[in-house]
Amino acid sequence: WKALRRPLSTVKQVYSFKEKHHGDLQGAGDQSLFTSLYTSLAQQLPREPMEWRRTYGRAPKMIHLEANFVQFKEELLPKEGNKALLTFPFLHIYWTDCCDTEVYKSLVKEDMLRWQNSLRAHGSADWVIIVVETNDNKKKNKTNILPRSSIVDKIRSDFCNKQNDRCVVLSDPLKDSSRSQESWNSLLLKLRTLLLMSFTKNLGRFEDDMRTLREKRTQPGWSFCEYFMVQEELAFVFEMLQQFEDALVQYDELDALFTQYVLNFGAGGNFGWSGLLLRRPIDMEKRDGIQRGEASLLDLRSYLFSRQCTLLIFLQRPWEVTQRALELLHNCVQELRLLEVSVLEGALDCWVFLSCLEVLHRIEGCCDQAQLAANCSHTVGLWAYATDKLKSLGELCGLVSEKEPTSEDLNRTVDLLAGLGDERPETVNSLQSPYKKLKEALSSVEAFERHYLELSHAAMEMYRAIGRLRSARLVGKSLAEFYMRKADPERAETFLQEALKSYVSEGWSLPVTHTRKQIAACQKLLGRTEDYLQTSALLAGDVNLTTEERKHFCQEILTFAGKSGDQSQKVTLSMGVFTQLTRLQFRPATASVHSGAVLQVELTLRCLMPVSVHIQQLAASIHFDLERGGTNGRSKGTQRQTNPGTVEFHQSNSSAGPPSSSAAGPPLELDEIQDRSPSDNSLNSTGVVCKNTHLVMRRHDSHSPPDTPNCVSPPAVAMKEGAQMLKVQDVTLEPGNNSIIFTAPSGQPGTYTLRQLYATVGQVQFVLPHIYPSVQYEVYSQEPQLTVEPLSEPLLAGLPQMVKFTLLTGHYTVKKGDALQLSNTDTMPILPSSSCTARISNPAAEIIFDTYNVLSIQSSEKVTSISLPPTPPYHTLEFHLEVLCLIPSGDERPANERLTNGEVRHRPRSYSHPDTPMTAIDQRMSIDCPWSIYSTLLALTFYIPFKTKHSLLSAGNRKYIQVCVQNVSDVNFTLAEVKLTEKQHATLELQSLNTKTQQLLCSKHSVFCLWEVRWKDDLPSCLQCVFSADFSPLNQDISAFKPFHYQFQFERVTTLYSVRADILPPAGEQHCRSGLLCGLEVCITRLTEPAEGELAEDSKTDTDGLKTTKLMYEVADSSSNWAVCGKSSGMVSMPMAASATHKVQIEVMPLFAGHLPFPKIKVLKYLPHTAAVAIQPDPDSCVENDSLSLLDKALDDQGDTASIRSRGSVHSVGSGDQQQKGVAMPRLEPFSPGQVFNHSYTQQVLVLPATDDHIMEVNAT
Amino acid sequence: MAVCIAVIAKENYPLYIRSVPTQNELKFHYTVHTSLDVVEEKISAVGKSLGDQRELYLGLLYPTEDYKVYGYVTNSKVKFVIVVDSSNTSLRDNEIRSMFRKLHNSFTDVMCNPFHNPGDPIQSKAFDGIVSGMMVQTG
């Protein structure tokens, strides 16, 4: 600001305040007046903020205005086109304390006019006139004083037409009165307003000019440097206004423009590489260079960045500095490359290095240690970049080697250092300046190493601290390369191994290969033969390398292997990198052989080597497990057999192949599990179980992936000597798949598990420590086994049937003369057969034909001997034999007898089988075998094809016997020679009523046969009958007929009573009517004289000496046709004489009309209680508590033969030993069937409907 | 146009990586691998602040003297990395974004192929074609 003050005197004085604030006020006038006011003015002006409204829609800001006051000089007024904003007079002030009209008229007005004219001449409309009024002045010139107002009015009328605010009165500025204070405040406000107005206006104009200038940048002759100065002026102004943000924007715009400018036009020239200089707020030296248009690209960039850096630090954004610095450095390098500026080799590196360090120093200068540590993510890039550049400088200057730098290197160093120039004065005194560092680092090999290591470690540590481990490892790798150059492979390897681990675990094959190659070099230098060979093996199989390289590494191994060294020189390497086991195949595929048999194992090996490799020995060690109880036989062996014949091995990831498997972890091995309730086997829950959780859940970072031989030494392998081995000598593995066949040992029975695989190549042995999944085969030893089974199901009893004998010889050799001894049984004779041949087959089920295969069967009384043909072990011998199982005919019970071999003969027991309606018989066989002192017991199940039933039918006194034969098998039979005989009574004649001699009996059908019983004197009360018939399967000749017998017996056959019933219609009616009572007349007649047994049994003598027996009758109508009115049952005392008759009248009422069957009449024996004590003829039919139920179901209690006997033929044998369980109570006993003959059984009577038929029943269907 | 394009699996192994010129392949592998540091940093930083509403494009991962490395991560944590020559100043941020979008679309197509086993290296010709279109044409 330039304040203009016009005092009374014409003396002009210029006050120029060099300050950093934003403008000048120009003023002129009395020094004493202005000086007296200046201090408070300068102090108070910036005290209150003003709202700054800005053009182009930028947000308004509150700013504090500060001013510089400068005495007015005409030559200080800006000329047309002046671009200097910093020295621009924004407001012109004329100070006056004139209160004398005369003085005003004579002097001041003129002066003011001149001032105004010069302002107008320079196009400045920003002015103000301040009239200072003091009481002193008034006092001094009391007499000719005009009122103050008049002076002000005069000035206003003279100068401020319509702009009254351009003239301000300041009264008593030096007094401490409220009036003066007030006037001060209004003055300040006025000044601020005017100043800001002018500032805005001028700034706007400036910006417009600047833009216009910028638009001209495509025109020839446009100078970037000139423009730079203009925009920087704006930046300065903003900076002075403390608008750092806006200032930064100006520089950023310049930066961008410059970049564009560089790209479009190019700029360049010679330059030094002294690096950035950030210690001064404004590097005037460089600025001058720019102003003169002499700056080089790097100078311009450096200056621009130093300004941006300063502003960013003002803005408290130091981390942006680092980020921008990195961008800048990269950018500059690119730009110089783009512009094809010829630079001394290494100069750029120097510049970058110095700049990096300078930025870091600058940041360190304005942040504390904690802030730095927390923000190393921002600085680490610069550290790494500096490290990189120092390294390349070191390489350039020959400092990275074992030897001292050559003279050529030294020359280069000197050139580079010369380009740096002298150290800047700012840093001359600091010990750690980038300049000094670079100089020192390039001074000697040792110093370089120290500096380089320091930087590297700093960068690595920072990377680690912020978790950028990959970056840290990359720096480490770079460090390793340095160590390699310095011939320090030991340290190099540490870093390389760490990097390698990361690449391997993340599956980056190319870096893996590269790093591994470097490691190989280290290991070779270190003389670590084993490690080197292991790495070489990896590299030889690495597809990322060229064939030449791979051959080289392979040759390294082969060369070592070919050396004839002592035993200790042997080296064990992991096999996975050399060759991979891909498949294993057993022959035979069951992987289970009997002892002594041949088992072959075929391995498929994929050789990864680039050339064919000769292997002296390839061996697989075997772990042998003696199978517990393993000699049992084949069934157990096959159960345990879980391996299929072929085992495929999942490829553990190869060293350089796609690592998806390792990254994704091992594949899940899942199994389904089902939890079932133990009681009813219902499913409780089901789920999936991972079998290899220990592999899947393993932490990946804490463990190198399985079988990746990135570790230096291969896994320690314990080679078990002496164990059984699969071996082959002298094989040549070609690159790719190779097939190798082993013959596996199979001497001892047990389980053989393949554990490890070895390949020996001279001094080198490749070992596969675990074969996974585990592979095993079994050798078993088997006892001979004899089985007998039906040739066809089911075996039918009573017919000749073929059974198949199968002998698995196992370890036993059947010699000539060996024979099977079958104990004969009566129930199942073996049918002799003339041509019985045996079939012998080997384990592969191939039939072996032999001349001795005809069996000779010799039967003696007790034993059937079958001589066997000679059969080798583990073969199968088969032959067929015809046997016949006799159908048990009835209830005969042969005494237990001993078989020839001392075994108790088991009576074949028949039982009903749930799966078939046929009755089954288990027939046991006892066979003596030559290989055992014990007999082999075998059972065959036969089925009886028939079910037979019999019944006794009566017609008055005449008796008939009916036999029903039911065919329950699936076979159709012919039935012939049906006969019924009675065993005991010769006089009895059974007259057949059957017409056919042969009858077809189809499957599931029945045949009924009937005989009439005729007798001469008396009918025996007990009949023992035998039914016999011949049967054969349909369409077979007579000789095929086999007999079938069926025994049964009847008791109490004779008809004792006849019962006759008659229904009498009601009196006067011709027919019965429903609803009317009828009479039922039952007439019971004794037919025969009492037999002896009967007399003793159930009669008693009446008081009148007549023998009577008590009968009970009962009328029951189960079908609800009749209503019995009154007594329905009663006792009858029957005289025991023939033709004794008893009639009973009972009233019944038909309930329906129609032909109604007669109600049922039952007659039962009534046994008074006394009689019960004496004899109990049939305890099974005991009636308890007067119950009328007939307990014939209790027959089942009778023992094992009961079920095949007729239910009706209750025989008395054995009943005596049964405990009498009846109490002495009166009992009812039914008559045996046939003892009572009912004449009116099934008779019907016509019943008419009731007469009053007003109720009609209509059944509509 | 890009000089190197890489697709990296969730587990950080490369699914696809191609670069021109081929003699610098190793260097690009190292560069891309190292860039995963920054990718992880950015993912975790974004994950903390915005949850699932995140921008897939990660922007410039880090510049080197010669190259600019840009990153992009899918919702399934598959990373795309595009390396661009630093001298190629005409390339705008929007163009990089659209390259990533194209890449992502093509990658999605590859994943939709029922015969492609996710996790296996990408061998699709269509994907290769898309990548080739984005690469600097040499010669």
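User: Where is A:Pro588 found?
Analyst: This is a predicted model, so local features need pLDDT of at least 70, side-chain atom pairs count only at pLDDT 80 or more, and totals for chains, interfaces and linings use all residues. Residues are numbered from 1 along each chain as its sequence is written, chains are lettered from A and ligands numbered from 1 in the order in which they are written, and side-chain values use heavy atoms, leaving out hydrogens and water. Helices (H or I, at least four residues) and strands (E, at least two) are DSSP runs, numbered from the N terminus. With that naming, A:Pro588 sits in the loop between S10 and strand S11 (592-594) of chain A.

User: What is omega for the peptide bond from A:Arg587 to A:Pro588?
Analyst: Most peptide bonds are trans. The one from A:Arg587 to A:Pro588 is cis, with omega near 0°.

User: Which strand holds A:Asp730?
Analyst: A:Asp730 has a positive phi, near 50°, and is not a glycine. Its place is in residues 725-733 of chain A, which form strand S17.

User: Is B:Asn12 buried or exposed?
Analyst: B:Asn12 also shows a positive phi without being a glycine, at about 75°. It lies in the loop between strand S1 (2-8) and strand S2 (14-19) of chain B. Buried means under 20% relative accessible area, exposed means over 50%, and partly exposed is in between (1.4 Å probe, protein chains only). Because its relative accessibility is 6%, B:Asn12 counts as buried.

User: In what order do the elements of chain B run?
Analyst: Chain B has three helices and five strands. From the N terminus on, they run β-β-α-β-β-β-α-α.

User: How do H16(A) and H17(A) run, roughly parallel or roughly antiparallel?
Analyst: H16 (residues 445-465) and H17 (residues 469-485) of chain A pack at about 160°, with axes 7 Å apart. Axes are lines fitted to C-alpha atoms, for helices over the stretch in contact, and angles run from 0 to 180 degrees between N-to-C directions. Under 35 degrees counts as roughly parallel, over 145 as roughly antiparallel, 65 to 115 as roughly perpendicular and the rest as oblique. That angle therefore makes H16(A) and H17(A) roughly antiparallel.

User: Which residues of H17(A) meet H16(A)?
Analyst: Contact here means heavy atoms within 4.5 Å. On the H16(A) side, the residues include A:Phe448, A:Tyr452 and A:Met460. Their partners in H17(A) are A:Leu469, A:Ser471, A:Ala472, A:Val475, A:Gly476, A:Ser478, A:Leu479, A:Phe482 and A:Tyr483.

User: How many residues apart are A:Glu239 and A:Arg307?
Analyst: The two side chains meet in a salt bridge at 2.3 Å, N to O; the rule is a side-chain nitrogen of Lys or Arg within 4 Å of a carboxyl oxygen of Asp or Glu. A:Glu239 is in helix H6 (residues 224-240) of chain A and A:Arg307 in helix H9 (residues 297-314) of chain A, so the bridge links distant parts of the chain, 68 residues apart.

User: What is the relative accessibility of A:Arg307?
Analyst: A:Glu239 is buried, with a relative accessible area of 14%. A:Arg307 counts as buried too, at 0%.

User: Which residues are linked in a network of salt bridges?
Analyst: Over all chains, the count comes to 45 salt bridges. The network takes in A:Arg337, A:Asp349, A:Lys389, B:Lys27, B:Glu65 and B:Asp66.
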